[in-house]
Amino acid sequence: MSGELDERLRRAFAGIDTSAAFEARVAARIAALPAAPRAADLARVERQRASAARRLAREAWMNTSTAIGIGAAAIAVVWRHGPAVARWTEDALAVASSPEVLLPAAMTVLAAGLWPVLRRLMPR
Amino acid sequence: MPTDEAIIQLVQAGRGREAFDQLVPAYRRRVFGLAYSILRERTAAEDLAQEVFVKLWQALPRYDGRAKLSTWVYAVTRNAAVSALRSRRRSMSMSEEGVLAEVEAIAAAPGAEPGDAGLRRQVEALPEKQRQAVTLYYLDERPVDEVAEMMGIPVNTVKTHLHRARASLAAALGTGDSA
């Protein structure tokens, strides 16, 4: 490679550079960007998340307690009034097994079960 | 000049602002040079280089260090420059006359000699990749392997582009230098 051509090419490209204010302009462009989420906003979101987690934990505890309470009450009733409960159950089953009661009851249960599905299909 | 390793360490330590403050001076010339080699206009190249640094600022927290820092910076710059070039060609805001006017202005800059304008015109007339290789190689006298990394092509391809460009320029200028 010719040293002369090399030198001429170097000279031809000499002086091509950014302006002196380049870095200041980059900084100005960055400063003009939409602000990132502020610390206060992030803290608020974190508080909301923690509050929702506490509420869910409380609800789960309440549901468990309710289920245990109902189960315990049912066992206590059967324990203390076993014969009466058995009689009552037999009478209820006898009544429920008659076609006059069974059919409307089955229809009611079916309608209640299907209601959420039907509601979705209905036009708004 | 801060090293890439130092900048990466700052990023990984969550000190993005300090990392960026070191990244800009370390890469200013290279980002500008790469943008200039593609856009061929100083003002547009400077504007694009600023835009590239804004993109880097936004992306820096997500930089995971898997790719080399320089490779990442050059890829962002190349993509932005090619995209800008396409939109400029669509809008035709920069005509060939505009490029030549800039060539004349640069040739008339202090330190330039009268023959430099003719040489710059010959460089502008080179095929795109040859012109880009010559620009990157002579703008900052970068080594060939770095020019290859900046262009995203193999080193031997850059050597071929440079060889052919020199031969064309020597023939056009009638210097008889082609090796």
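Two residues are in contact when heavy atoms lie within 4.5 Å. By that criterion, residues 24 or more positions apart make up 59% of the contacts in chain B that have a separation of 6 or more. The model is predicted.

Chain B is built from 9 helices and 0 strands. Its elements, read from the N terminus, run α-α-α-α-α-α-α-α-α. The chain has 179 residues, of which 47% count as buried. Its accessible surface comes to about 8,600 Å². Carbon and sulfur atoms hold 51% of that surface.

The interface with chain A was examined next. The size of an interface is often given as the accessible area lost when the parts come together. Here chain A and chain B bury about 3,000 Å² between them. Carbon and sulfur atoms carry 64% of this buried area. In chain A, the residues that lose the most area to chain B are Phe13(A), Ile16(A) and Arg29(A). Together they account for 23% of what that side buries. The contact draws 22 residues from chain A and 37 residues from chain B.

The rule finds 10 residue pairs in polar contact between chain A and chain B, both residues at pLDDT 80 or more. On the side of chain A that touches chain B, two elements give two or more residues: α1 (3-13) and α2 (22-31) of chain A. The largest share of that side, 9 residues, comes from α1(A). By class, the residues of this side of chain A divide into 10 nonpolar, 3 polar and 9 charged. Salt bridges across the interface number 5. One pairs the side chains of Arg28(B) and Asp17(A), with an N to O distance of 2.8 Å.

Thr18(A) also involves both of these residues. Thr18(A) sits in the loop between α1 and α2 of chain A. Its side chain makes a polar contact with the side chain of Arg28(B) at 2.5 Å. A further polar contact, at 3.4 Å, joins the side chains of Thr18(A) and Asp17(A). Leaving out residues up to four places away in sequence, Thr18(A) touches Arg28(B), Phe32(B), Arg42(B) and Glu46(B). The relative accessible area of Thr18(A) is 10%. Buried means under 20%, so Thr18(A) counts as buried.

Technical notes:
Residues numbered from 1 in each chain as written. Chains lettered and ligands numbered in written order. Predicted model: local features only at pLDDT ≥ 70, side-chain atom pairs only at ≥ 80, totals over all residues. Heavy atoms only, no water. Helix = DSSP H or I, 4+ residues; strand = E, 2+ residues; numbered from the N terminus. Buried < 20%, exposed > 50% of the residue type's maximum accessible area, 1.4 Å probe, protein only. Areas by Shrake-Rupley, 256 points an atom, 1.4 Å probe, with all protein chains shown as cover. Buried area = accessible area lost by both parts, 1.4 Å probe. Salt bridge = Lys/Arg side-chain N within 4 Å of Asp/Glu carboxyl O. Polar contact = N/O pair within 3.5 Å; in protein donor to acceptor, adjacent residues only side chain to side chain. Nonpolar A, V, L, I, M, F, W, Y, C, P; charged D, E, K, R; others polar.
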